[in-house]
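Work through the exercises below with the model open. Each task is followed by a stepwise solution.

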Amino acid sequence: MTEDIEVSRHHAVRFPGISPRAYEHPVDRGALATLRAVPGFAQVVKAVSGFYNERGERLMALASSIRVGPKQYPELDRLRHECAETLDLPSVPNVFVYQDPRIQASAVGMDEPFIRLSTGLVELMSHESLRFAIGHEMGHVLSGHTVYRTIMVRLIGLQLSMSWTPVSALGIRAIIAALREWYRKAELSCDRAGLLCGQDPTAALRAQIQVAGGIDPARIDIPSFLQQASEYESVEDIRDSFLKLKFVETETHPFAVVRAAQLQKWAASEEYRAILAGDYPRRDDDAPASDWKDDLKSAAKSYKDSWSSSADPLTKVFSDVGEAVSGAAGKVWSKFGNGNGEGA
(Lines give C-alpha, C1' and ligand atoms only; values in the text may rest on other atoms or scores of the structure.)
Protein backbone atom coordinates (compact mmCIF):
# COMPACT_ATOMS: atom_id res chain seq x y z
CA MET A 1 0.00 0.00 0.00
CA THR A 2 3.02 2.28 -0.37
CA GLU A 3 2.19 5.61 -1.99
CA ASP A 4 4.24 8.47 -3.36
CA ILE A 5 4.37 11.18 -0.73
CA GLU A 6 3.90 14.84 -1.54
CA VAL A 7 4.77 17.07 1.42
CA SER A 8 3.59 20.67 1.62
CA ARG A 9 5.67 21.71 4.66
CA HIS A 10 9.17 22.76 3.68
CA HIS A 11 10.61 23.73 7.06
CA ALA A 12 9.56 20.80 9.23
CA VAL A 13 12.25 18.50 10.58
CA ARG A 14 11.93 14.97 9.24
CA PHE A 15 13.29 11.84 10.86
CA PRO A 16 14.57 9.31 8.30
CA GLY A 17 14.60 5.77 9.66
CA ILE A 18 13.44 6.86 13.13
CA SER A 19 12.86 4.03 15.56
CA PRO A 20 9.73 4.16 17.71
CA ARG A 21 12.10 3.83 20.64
CA ALA A 22 12.89 7.52 20.10
CA TYR A 23 9.47 8.58 21.37
CA GLU A 24 8.18 5.60 23.32
CA HIS A 25 7.65 6.13 27.05
CA PRO A 26 10.09 4.01 29.12
CA VAL A 27 7.27 2.06 30.77
CA ASP A 28 5.64 1.50 27.37
CA ARG A 29 8.91 0.01 26.08
CA GLY A 30 9.34 -2.13 29.19
CA ALA A 31 5.86 -3.61 28.90
CA LEU A 32 6.27 -4.26 25.20
CA ALA A 33 9.66 -5.87 25.80
CA THR A 34 8.05 -8.34 28.19
CA LEU A 35 5.33 -9.25 25.70
CA ARG A 36 7.77 -9.49 22.79
CA ALA A 37 10.00 -11.82 24.80
CA VAL A 38 7.38 -14.58 24.63
CA PRO A 39 8.34 -16.65 21.55
CA GLY A 40 5.71 -16.45 18.82
CA PHE A 41 3.19 -14.67 21.05
CA ALA A 42 2.64 -11.57 18.93
CA GLN A 43 2.80 -13.53 15.67
CA VAL A 44 0.06 -15.95 16.74
CA VAL A 45 -2.24 -13.16 17.93
CA LYS A 46 -1.57 -11.20 14.74
CA ALA A 47 -2.41 -14.18 12.51
CA VAL A 48 -5.58 -15.19 14.35
CA SER A 49 -6.95 -11.68 14.91
CA GLY A 50 -5.89 -10.13 11.63
CA PHE A 51 -7.45 -12.80 9.41
CA TYR A 52 -11.04 -12.06 10.32
CA ASN A 53 -11.34 -8.84 12.29
CA GLU A 54 -9.05 -6.67 10.21
CA ARG A 55 -10.75 -7.63 6.97
CA GLY A 56 -14.16 -7.04 8.51
CA GLU A 57 -13.20 -3.70 10.02
CA ARG A 58 -11.71 -2.52 6.72
CA LEU A 59 -14.89 -3.49 4.87
CA MET A 60 -17.01 -1.68 7.47
CA ALA A 61 -14.84 1.44 7.14
CA LEU A 62 -15.29 1.39 3.35
CA ALA A 63 -19.03 0.91 3.67
CA SER A 64 -19.86 3.38 6.44
CA SER A 65 -17.31 6.24 6.43
CA ILE A 66 -15.43 8.61 4.13
CA ARG A 67 -11.99 7.53 2.91
CA VAL A 68 -9.64 10.50 2.86
CA GLY A 69 -7.97 11.22 -0.46
CA PRO A 70 -7.10 13.99 -2.93
CA LYS A 71 -10.83 14.53 -3.68
CA GLN A 72 -12.25 13.72 -0.24
CA TYR A 73 -11.02 15.80 2.71
CA PRO A 74 -7.92 16.85 0.72
CA GLU A 75 -6.56 18.84 3.68
CA LEU A 76 -6.53 15.66 5.78
CA ASP A 77 -4.95 13.80 2.89
CA ARG A 78 -2.04 16.25 2.90
CA LEU A 79 -1.68 15.87 6.67
CA ARG A 80 -1.58 12.07 6.53
CA HIS A 81 1.17 12.19 3.91
CA GLU A 82 3.12 14.78 5.86
CA CYS A 83 2.96 12.79 9.10
CA ALA A 84 3.89 9.53 7.36
CA GLU A 85 6.87 11.20 5.73
CA THR A 86 7.98 12.93 8.96
CA LEU A 87 8.10 9.59 10.80
CA ASP A 88 9.35 7.80 7.68
CA LEU A 89 6.63 5.14 7.68
CA PRO A 90 7.21 2.49 4.99
CA SER A 91 3.64 3.00 3.73
CA VAL A 92 0.97 5.65 4.18
CA PRO A 93 -2.01 4.38 6.19
CA ASN A 94 -5.47 5.14 4.87
CA VAL A 95 -7.56 7.55 6.92
CA PHE A 96 -11.35 7.33 7.28
CA VAL A 97 -13.70 9.94 8.73
CA TYR A 98 -16.80 8.54 10.45
CA GLN A 99 -19.88 10.22 11.89
CA ASP A 100 -19.57 10.72 15.65
CA PRO A 101 -19.85 13.99 17.60
CA ARG A 102 -17.31 12.80 20.16
CA ILE A 103 -13.63 13.68 19.75
CA GLN A 104 -12.10 10.32 18.87
CA ALA A 105 -9.32 8.82 16.78
CA SER A 106 -7.91 5.31 16.55
CA ALA A 107 -5.49 3.15 14.60
CA VAL A 108 -6.98 -0.16 13.47
CA GLY A 109 -5.53 -3.26 11.84
CA MET A 110 -2.24 -5.11 11.81
CA ASP A 111 -1.24 -6.15 8.30
CA GLU A 112 -2.52 -2.91 6.74
CA PRO A 113 -3.32 -0.51 9.59
CA PHE A 114 -5.66 2.38 8.94
CA ILE A 115 -6.73 5.40 10.96
CA ARG A 116 -10.25 6.45 11.95
CA LEU A 117 -11.15 10.05 12.82
CA SER A 118 -14.52 11.15 14.17
CA THR A 119 -16.36 14.09 12.64
CA GLY A 120 -16.32 15.67 16.10
CA LEU A 121 -12.53 15.75 16.05
CA VAL A 122 -12.26 16.97 12.44
CA GLU A 123 -14.82 19.75 12.92
CA LEU A 124 -13.43 21.07 16.18
CA MET A 125 -9.66 20.99 15.76
CA SER A 126 -7.45 23.44 13.91
CA HIS A 127 -5.19 22.36 11.04
CA GLU A 128 -2.13 22.13 13.31
CA SER A 129 -4.00 20.29 16.05
CA LEU A 130 -5.26 17.81 13.46
CA ARG A 131 -1.65 17.21 12.42
CA PHE A 132 -0.86 16.36 16.05
CA ALA A 133 -3.85 13.99 16.28
CA ILE A 134 -3.02 12.20 13.01
CA GLY A 135 0.66 12.03 13.99
CA HIS A 136 -0.38 10.42 17.27
CA GLU A 137 -2.15 7.63 15.39
CA MET A 138 0.82 7.25 13.02
CA GLY A 139 2.89 6.64 16.15
CA HIS A 140 0.61 3.72 17.06
CA VAL A 141 1.13 2.29 13.58
CA LEU A 142 4.92 2.63 13.68
CA SER A 143 5.12 1.12 17.17
CA GLY A 144 2.89 -1.85 16.30
CA HIS A 145 0.57 -1.08 19.21
CA THR A 146 -2.51 -2.52 17.49
CA VAL A 147 -1.19 -6.06 18.00
CA TYR A 148 -1.05 -5.67 21.77
CA ARG A 149 -4.27 -3.72 21.97
CA THR A 150 -5.92 -6.73 20.32
CA ILE A 151 -4.52 -8.94 23.08
CA MET A 152 -6.16 -6.67 25.63
CA VAL A 153 -9.53 -6.75 23.85
CA ARG A 154 -9.39 -10.55 23.57
CA LEU A 155 -8.60 -10.93 27.26
CA ILE A 156 -11.46 -8.65 28.24
CA GLY A 157 -13.78 -10.92 26.28
CA LEU A 158 -12.23 -13.96 27.93
CA GLN A 159 -12.70 -12.39 31.34
CA LEU A 160 -16.43 -12.01 30.69
CA SER A 161 -16.76 -15.63 29.53
CA MET A 162 -14.92 -16.91 32.64
CA SER A 163 -16.55 -14.62 35.18
CA TRP A 164 -18.20 -17.62 36.82
CA THR A 165 -14.75 -18.90 37.87
CA PRO A 166 -13.56 -16.52 40.60
CA VAL A 167 -9.91 -17.58 40.57
CA SER A 168 -9.62 -17.44 36.78
CA ALA A 169 -11.46 -14.13 36.62
CA LEU A 170 -9.11 -12.58 39.18
CA GLY A 171 -6.06 -13.83 37.30
CA ILE A 172 -7.28 -12.45 33.99
CA ARG A 173 -8.23 -9.18 35.68
CA ALA A 174 -4.65 -8.77 36.87
CA ILE A 175 -3.31 -9.33 33.33
CA ILE A 176 -5.86 -6.91 31.86
CA ALA A 177 -4.91 -4.31 34.47
CA ALA A 178 -1.26 -4.68 33.44
CA LEU A 179 -2.14 -4.35 29.75
CA ARG A 180 -4.26 -1.28 30.43
CA GLU A 181 -1.38 0.25 32.34
CA TRP A 182 0.82 -0.43 29.30
CA TYR A 183 -1.76 1.06 26.91
CA ARG A 184 -2.03 4.22 29.00
CA LYS A 185 1.72 4.61 28.67
CA ALA A 186 1.46 3.80 24.95
CA GLU A 187 -0.89 6.77 24.64
CA LEU A 188 1.76 8.97 26.25
CA SER A 189 4.28 7.58 23.76
CA CYS A 190 2.11 8.45 20.79
CA ASP A 191 1.39 11.93 22.10
CA ARG A 192 5.14 12.37 21.67
CA ALA A 193 4.93 10.99 18.13
CA GLY A 194 2.17 13.51 17.40
CA LEU A 195 4.38 16.30 18.72
CA LEU A 196 7.25 15.15 16.50
CA CYS A 197 4.91 15.33 13.50
CA GLY A 198 3.59 18.78 14.33
CA GLN A 199 6.64 20.20 16.15
CA ASP A 200 4.27 22.70 17.76
CA PRO A 201 3.74 22.15 21.53
CA THR A 202 1.07 24.88 21.61
CA ALA A 203 -1.03 23.17 18.92
CA ALA A 204 -0.65 19.85 20.76
CA LEU A 205 -1.79 21.48 23.98
CA ARG A 206 -4.79 23.05 22.23
CA ALA A 207 -5.79 19.60 20.95
CA GLN A 208 -5.57 18.11 24.43
CA ILE A 209 -7.52 21.02 25.92
CA GLN A 210 -10.29 20.24 23.44
CA VAL A 211 -10.25 16.57 24.42
CA ALA A 212 -10.63 17.66 28.04
CA GLY A 213 -13.66 19.85 27.29
CA GLY A 214 -12.34 23.12 25.87
CA ILE A 215 -14.71 23.90 23.01
CA ASP A 216 -12.77 27.09 22.30
CA PRO A 217 -9.12 26.94 23.48
CA ALA A 218 -9.02 30.76 23.46
CA ARG A 219 -11.41 30.71 26.44
CA ILE A 220 -9.09 28.46 28.47
CA ASP A 221 -6.30 29.85 30.63
CA ILE A 222 -3.33 27.55 30.03
CA PRO A 223 -1.59 28.06 33.42
CA SER A 224 -4.90 27.32 35.18
CA PHE A 225 -5.44 24.25 33.00
CA LEU A 226 -2.00 22.84 33.80
CA GLN A 227 -2.51 23.72 37.47
CA GLN A 228 -5.34 21.20 37.48
CA ALA A 229 -2.82 18.44 36.73
CA SER A 230 -0.62 19.62 39.58
CA GLU A 231 -3.57 19.60 41.99
CA TYR A 232 -4.58 16.12 40.84
CA GLU A 233 -1.07 14.79 41.42
CA SER A 234 -0.71 16.41 44.85
CA VAL A 235 -3.91 15.48 46.69
CA GLU A 236 -3.39 15.48 50.45
CA ASP A 237 -5.99 12.93 51.57
CA ILE A 238 -5.00 9.30 51.16
CA ARG A 239 -8.65 8.49 50.44
CA ASP A 240 -8.29 10.50 47.24
CA SER A 241 -5.26 8.40 46.36
CA PHE A 242 -7.28 5.20 46.59
CA LEU A 243 -10.03 6.78 44.50
CA LYS A 244 -7.46 7.67 41.84
CA LEU A 245 -6.33 4.05 41.69
CA LYS A 246 -9.94 2.88 41.48
CA PHE A 247 -10.87 5.23 38.67
CA VAL A 248 -7.75 4.73 36.57
CA GLU A 249 -7.77 0.91 36.71
CA THR A 250 -10.41 0.49 34.00
CA GLU A 251 -9.19 3.35 31.77
CA THR A 252 -7.35 2.66 28.53
CA HIS A 253 -6.26 6.30 28.16
CA PRO A 254 -4.59 8.63 30.63
CA PHE A 255 -6.79 11.37 32.02
CA ALA A 256 -6.77 14.31 29.62
CA VAL A 257 -5.42 17.03 31.91
CA VAL A 258 -2.64 14.84 33.33
CA ARG A 259 -1.78 13.68 29.83
CA ALA A 260 -1.41 17.26 28.59
CA ALA A 261 0.95 18.14 31.43
CA GLN A 262 3.07 15.05 30.68
CA LEU A 263 3.50 16.04 27.04
CA GLN A 264 4.40 19.64 27.85
CA LYS A 265 7.04 18.35 30.23
CA TRP A 266 8.53 16.20 27.45
CA ALA A 267 8.33 19.11 24.99
CA ALA A 268 10.59 21.08 27.34
CA SER A 269 13.07 18.21 27.74
CA GLU A 270 16.56 17.79 26.34
CA GLU A 271 15.42 14.46 24.87
CA TYR A 272 12.91 16.20 22.58
CA ARG A 273 15.44 18.84 21.50
CA ALA A 274 17.99 16.13 20.72
CA ILE A 275 15.53 14.33 18.42
CA LEU A 276 14.81 17.57 16.56
CA ALA A 277 18.57 17.99 16.14
CA GLY A 278 18.80 14.56 14.50
CA ASP A 279 20.08 12.62 17.51
CA TYR A 280 17.69 9.68 17.73
CA PRO A 281 17.79 5.86 17.42
CA ARG A 282 17.29 4.37 13.94
CA ARG A 283 15.18 1.34 13.10
CA ASP A 284 18.16 -0.29 11.39
CA ASP A 285 20.01 -0.25 14.71
CA ASP A 286 17.20 -1.67 16.86
CA ALA A 287 18.26 -4.61 19.00
CA PRO A 288 16.50 -7.98 18.59
CA ALA A 289 13.21 -8.36 20.44
CA SER A 290 14.77 -10.87 22.83
CA ASP A 291 17.11 -8.19 24.16
CA TRP A 292 14.68 -6.61 26.64
CA LYS A 293 16.64 -6.15 29.88
CA ASP A 294 17.54 -2.50 29.25
CA ASP A 295 13.91 -1.67 28.51
CA LEU A 296 12.77 -3.22 31.78
CA LYS A 297 15.44 -1.27 33.66
CA SER A 298 14.29 1.95 32.00
CA ALA A 299 10.69 1.19 32.95
CA ALA A 300 11.66 0.57 36.57
CA LYS A 301 13.65 3.80 36.66
CA SER A 302 10.70 5.73 35.20
CA TYR A 303 8.37 4.43 37.89
CA LYS A 304 10.92 5.14 40.62
CA ASP A 305 11.48 8.69 39.40
CA SER A 306 7.74 9.40 39.22
CA TRP A 307 7.22 8.00 42.72
CA SER A 308 10.07 10.03 44.13
CA SER A 309 8.75 13.29 42.67
CA SER A 310 5.07 12.64 43.41
CA ALA A 311 3.26 14.55 46.13
CA ASP A 312 0.48 11.95 46.27
CA PRO A 313 0.35 10.57 49.85
CA LEU A 314 -0.25 6.95 48.83
CA THR A 315 2.53 7.05 46.27
CA LYS A 316 4.87 8.53 48.89
CA VAL A 317 3.94 5.70 51.28
CA PHE A 318 4.80 3.10 48.65
CA SER A 319 8.00 4.94 47.83
CA ASP A 320 9.04 5.23 51.48
CA VAL A 321 8.24 1.57 52.15
CA GLY A 322 10.20 0.56 49.07
CA GLU A 323 13.21 2.61 50.17
CA ALA A 324 13.00 1.14 53.67
CA VAL A 325 12.83 -2.43 52.39
CA SER A 326 15.63 -1.77 49.94
CA GLY A 327 17.78 -0.23 52.66
CA ALA A 328 17.15 -3.10 55.07
CA ALA A 329 17.95 -5.66 52.37
CA GLY A 330 21.15 -3.78 51.59
CA LYS A 331 22.23 -3.87 55.23
CA VAL A 332 21.54 -7.61 55.47
CA TRP A 333 23.50 -8.29 52.29
CA SER A 334 26.32 -6.06 53.50
CA LYS A 335 26.57 -8.02 56.71
CA PHE A 336 26.12 -11.57 55.43
CA GLY A 337 26.34 -11.44 51.64
CA ASN A 338 30.02 -12.26 51.23
CA GLY A 339 30.86 -13.69 54.60
CA ASN A 340 33.28 -10.97 55.70
CA GLY A 341 30.89 -8.13 56.53
CA GLU A 342 31.75 -6.11 53.42
CA GLY A 343 29.07 -5.22 50.91
CA ALA A 344 29.18 -6.80 47.50
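**Exercise 1.** Find the salt bridge that Asp 191 forms, and state where its two residues lie.

Solution. Step 1: Asp 191 forms a salt bridge with Arg 259, and their closest N and O atoms are 2.7 Å apart. The criterion is a side-chain nitrogen of Lys or Arg within 4 Å of a carboxyl oxygen of Asp or Glu. Step 2: the pair links distant parts of the chain, with Asp 191 in helix α7 and Arg 259 in helix α11, 68 residues apart. Helices are DSSP runs (H or I, at least four residues), numbered from the N terminus. Step 3: both Asp 191 and Arg 259 are buried, that is, under 20% relative accessible area; exposed is over 50%, and partly exposed is in between (1.4 Å probe, protein chains only).

This is a predicted model: local features need pLDDT of at least 70, side-chain atom pairs count only at pLDDT 80 or more, and totals for chains, interfaces and linings use all residues. Residues are numbered from 1 along each chain as its sequence is written, and side-chain values use heavy atoms, with hydrogens and water left out.

**Exercise 2.** Describe the largest cavity and its lining.

Solution. Step 1: count. There is one cavity of 30 Å³ or more. A cavity is a set of points on a 1 Å grid over the protein atoms alone where a 1.4 Å probe fits but cannot get out; lining residues have an atom within 4 Å of a point. Step 2: size. The volume of the largest cavity is about 50 Å³, taken as the space filled by probe spheres set on the points. Step 3: lining. His 25, Leu 188, Asp 191, Arg 192, Arg 259, Gln 262, Leu 263 and Trp 266 line the largest cavity. Step 4: sources. α7 (166-198) and α11 (256-267) each supply at least two lining residues, and α11 gives the most, with four.

**Exercise 3.** Which residue forms a salt bridge with Glu 82, and which parts does the pair tie together?

Solution. Step 1: the partner is Arg 131, with the closest N and O atoms 2.5 Å apart. Step 2: Glu 82 lies in helix α3 (residues 74-86) and Arg 131 in helix α5 (residues 127-143), so the pair ties together parts 49 residues apart in sequence. Step 3: Glu 82 counts as buried at 1% relative accessibility, and Arg 131 counts as buried at 2%. Step 4: Glu 82, Glu 128 and Arg 131 are linked in a network of salt bridges. The structure holds nine salt bridges.

Note on methods: On a 1 Å grid over the protein atoms alone, a cavity is a set of points where a 1.4 Å probe fits but cannot get out, and a pocket is an open set with protein on both sides within 12 Å along at least five of seven lines; lining residues have an atom within 4 Å of a point.
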